[in-house]
Amino acid sequence: HHGIIIDPDKRIMSLCGFEIGTIVKVPRNPTLDGDGNIIMTGRLAKPFLKCTHYELKYSKLNHALYSIRVFSAGQKKMDEEAMEAELDAMVTAIKAKCENKNISWIKGPKVRHSGMLSLSFQRIEIKSYKDSIYKKGKLKGSPEAKATGWAFSLSLTDRAMREYVGDSERD
């Protein structure tokens with residue numbers, strides 16, 4: 001029995017309405033990542049700043065939700081300054097939600113990530129990247145449809161939940 005010490009006060013247990021550890025009802029034809037974890041995607045009921053979509057990952061070991069990522073499509077007419085301001089707004093929003101978590105932020109170009117506290121076994125990452133701007137009414141593949149702009153993503157990954165196997169499930 002190998003015990004890892006996790007401080008429950010340091011952990012973020014929900015993000016944008018999704019709860020870490022929720023067990024997935026596995027669909028008939030699940031989408032899997034390269035490691036065999038289950039991936040679910042969709043549109044957020046309530047946007048988080050510019051993020052309108054989500055990607056959830058459930059562990060292949062225990063079917064528990066261990067990764068929550070919310071993201072946006074490419075934004076029209078957004079320069080680098082506006083992009084940096086949006087990243088800062090996302091950090092501010094997360095800091096407000098997690099004020100007692102004492103997150104240590106590392107700021108890099110186009111990315112803010114954090115190692116969080118070692119006792120949480122979680123990592124939060126906020127970043128921007130270039131992505132397609134979806135233009136309604138334009139044919140896919142036409143030059144107008146290929147425009148790109150700054151997109152944003154916020155992810156919370158819980159290593160402990162991804163690898164957790166209860167006593168009854170061990171050999």
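Strands here are DSSP runs of E with at least two residues, numbered from the N terminus. The model is predicted.

**Exercise 1.** State where Leu49 lies and whether Leu49 is buried, partly exposed or exposed.

Solution. Step 1: Leu49 belongs to the loop between β4 (38-48) and β5 (51-58). Step 2: buried requires under 20% relative accessible area and exposed requires over 50%. Step 3: Leu49 has 43% relative accessibility, so Leu49 counts as partly exposed. Step 4: most residues other than glycine have a negative phi. Leu49, although not a glycine, has a positive phi of about 50°.

**Exercise 2.** Classify the aromatic pair of Phe18 and Tyr54, and state which strands it ties together.

Solution. Step 1: the count of aromatic pairs is 1. Step 2: the centres of Phe18 and Tyr54 are 4.7 Å apart, with 55° between the planes. Step 3: planes under 30 degrees apart count as stacked and over 60 as edge-to-face, so the rest are tilted. The Phe18 and Tyr54 pair is therefore tilted. Step 4: Phe18 is in strand β2 (residues 18-19) and Tyr54 in strand β5, so the pair ties together parts 36 residues apart in sequence. Step 5: Phe18 counts as buried at 17% relative accessibility, and Tyr54 counts as buried at 16%.

Key. Residues numbered from 1 in each chain as written. Predicted model: local features only at pLDDT ≥ 70, side-chain atom pairs only at ≥ 80, totals over all residues. Heavy atoms only, no water. Helix = DSSP H or I, 4+ residues; strand = E, 2+ residues; numbered from the N terminus. Buried < 20%, exposed > 50% of the residue type's maximum accessible area, 1.4 Å probe, protein only. Phe/Tyr/Trp six-rings, centres within 6.5 Å; stacked < 30°, edge-to-face > 60°.
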